[in-house]
Amino acid sequence: MNTTPTTTQDTTGGPATGWWTEAVIYQIYPRSFADSDGDGFGDLPGITARLGHLAELGVDAVWLSPFYPSPQADAGYDVADYRDVDPLFGTLEDADKLIAEARAKGLKVIVDLVPNHTSSAHRWFTAALAAGPGSPERARYVFRDGLGPDGAQPPNDWQSVFGGPAWTRVTDPDGRPGQWYLHLFDTAQPDLNWDHPEVRAEFLDVLRFWLDRGVDGFRVDVAHGLIKQADLADWQEPQEILSGAEVEKPRPPMWDQDGVHEIYREWRRLLDSYGGERILVAEAWVEPAERLARYVRPDEMHQAFNFEYLLAAWSAPAQYAVITRSLEATDAVGAPTTWVLSNHDVVRHASRLGLATTLTGGRPNGIGAGDPQPDAPTGLRRARAATLLMLALPGSAYLYQGEELGLPEHTTMPDEARQDPTWVRSGHTVRGRDGCRVPIPWEADAPSYGFGPTDASWLPQPPSWAEYALDRQRGVPGSTYELYRTALRLRREHGLGRGTLRWLSSGDEVLTFANDGITVLTNFGPAPVPVPEGELLASSAPLDPAGGVPTDVTVWVRA
Ligand code: NOJ
């Protein structure tokens, strides 16, 4: 263990410094990135073999979604053992090789940490079931007696994020109906009791385990959920991850409780005791931006995903507002802003931005064959413009695997193929997230488009995906892949991630800003607008024949 302390954020309130403040971080969803053994599931050796792609693309770091032993009830976000690798994905040795190979290629590695809940197959939970009511084993989770004369009603009215009640009743060792346990997500994901010292000690140890193996940080799942309001008061509102509100609303008793911050302060102290600028990234569906900024105060986490940005409508006023608000909120605490357009939980932005609802900020949770379909060319055009806008913003940006190929959502997946628990738990009303999790295409003419050596793919790949394959785009001028590479190279060369944004125009149809020496313009309006003066460095689509920036296009110009 390297114990050299590193200070990467000025605790007196000055801006943070360090690799992560301007990094572009690429999310790998291990199931769907690259399959080395042909079983239809991506794996760690598959990732290691494809790291060259990420170095060539020009990102700084990768974040890996969970690869730990798990019954896979929620695609690995149900962890049964935090210190090992699921055989589906490989071995601990494979993880070590991946970390070493990434480092050799100049890429940092961030792993996912899932502290809000374990899998119901975790040894702690099976012990809790066996030990019965009132036992120390049950105290590590949130067990309560039910309401009503025979305890047949759940302890409160909370709903699971995936639909249905957030409580499940257990059968006691004597065969009789027993207590209920809380699960804000699937029934196979019991929530831990973070008021319990053993839970806190366990996760500090898990952090050490992966820090000692050389990881550069952790993406913290459901970071806003660990502490619940002590009285578990009823919450009559429907469960809603994020509504896009710009003002603070009454806080639900299960989310964003003040007690979570002490946990992250303790983790931060641990990370700072290691060398090498290791980071914590909050997945916290918290709004407004000022409230989210509390997670990235100088002695807490380093970054938080900016979901308000991801959810913002595709219009000049909405984008201006969210960018301005995000920068102000994180500047106030000295942290870098982050930007993200896609991940494994939302409709891919190449499709989302092709929906009519994108102009007002609507957000479907999955799209099925019978739903309104996105306009694919418009979606891709806007996605390219949105990405070029995002990569010019100061701060750190997150990319989701496949977006560099312009990959759309699979919007016509047969319902029988769906695996997201949301589909079942919502009574087959909400399709959920499978459409953005489909294994990605590498080679147009290979089985499973080069995802693996066979045709096997845990979710079906659409027949149209050959055109998105990497080998159809690599070296092809104007391809989405080459646009990403160019943008990432220029972003690095011009230091845009550590620059300063200055608005030049913020009308109803056009946004223009300067980031140090680069002028960035996005045209949201229907008619072409003049290109800013200077040398054109990048354009998300060809310019108008008369020389203007057409609708849904971003340009970068050296002033
Ligand atoms: C957020 C993760 O991104 C999502 O995929 C998962 O289902 C929930 N947290 C529960 O762990």
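Before we click on anything, one definition: two strands pair if DSSP finds at least two bridges between them. Strands themselves (E, at least two residues) and helices (H or I, at least four residues) are DSSP runs, numbered from the N terminus. Two housekeeping notes come next. This is a predicted model, where local features need pLDDT of at least 70 and side-chain atom pairs count only at pLDDT 80 or more, while totals for chains, interfaces and linings use all residues. Residues are numbered from 1 along each chain as its sequence is written, and side-chain values use heavy atoms, with hydrogens and water left out.

**Stop 1: the sheet**

Select β14, residues 518-523, together with β18 (553-558). These two strands pair in the antiparallel sense over six bridges. Strands of a sheet pair through backbone hydrogen bonds, either parallel or antiparallel. Look for V520, whose bridge partner in β18 is W556. Then find L521, which stands opposite V555 in β18.

Time to zoom out. In what order do the strands of this open sheet come? There are five of them, in the order β12-β13-β14-β18-β16, with antiparallel pairing. At the edges stand β12 (501-506) and β16 (535-539); each has a single partner strand, so one side of each has no neighbour in the sheet. From one strand to the next, the twist averages 20°.

Go back to β14 and show its side chains. Is this strand mostly covered or uncovered? It is mostly covered, as six of its six residues are buried (buried means under 20% relative accessible area, exposed over 50%, and partly exposed in between, using a 1.4 Å probe and protein chains only). In a regular strand the side chains alternate between the two faces of the sheet. In β14, I518, V520 and T522 point one way, while T519, L521 and N523 point the other way.

**Stop 2**

Most residues other than glycine have a negative phi, and most peptide bonds are trans.

Select D552, in the loop between β17 (548-549) and β18. Its phi is positive, near 60°, and D552 is not a glycine. D552 is also buried, with a relative accessible area of 7%. Show the side chains of D552 and W314: they make a polar contact at 2.8 Å (a polar contact is a pair of N or O atoms within 3.5 Å; within protein, one must be able to donate a hydrogen and the other to accept it, and residues adjacent in sequence count only if both atoms are side-chain atoms).

Next up is S448, in the loop between α12 (421-425) and α13 (470-473). S448 has a positive phi too, near 45°, and is buried at 5% relative accessible area.

Then jump to E287 and P288, which are joined by a cis peptide bond with omega about -5°. You'll find P288 in the loop between β8 (279-282) and α7 (289-293).

**Stop 3: the ligand**

Which of the 14 residues around the ligand come nearest? They are D74, D221, H344, D345 and R433. The shell divides into four nonpolar, three polar and seven charged residues.

Now check some distances to oxygen atoms of the ligand. A polar side-chain atom of D74 sits 2.5 Å from one, and a polar side-chain atom of H344 is 2.8 Å from one. For R219, an N or O atom in the side chain is 2.9 Å from a ligand oxygen.

**Last stop: a tryptophan**

Finish with W63, found in strand β2 (residues 61-64). W63 counts as buried, at 3% relative accessibility.

Methods
A residue is near a molecule or strand if one of its heavy atoms lies within 4 Å of it. Ala, Val, Leu, Ile, Met, Phe, Trp, Tyr, Cys and Pro count as nonpolar, Asp, Glu, Lys and Arg as charged, and the others, Gly among them, as polar. Axes are lines fitted to C-alpha atoms, for helices over the stretch in contact, and angles run from 0 to 180 degrees between N-to-C directions.
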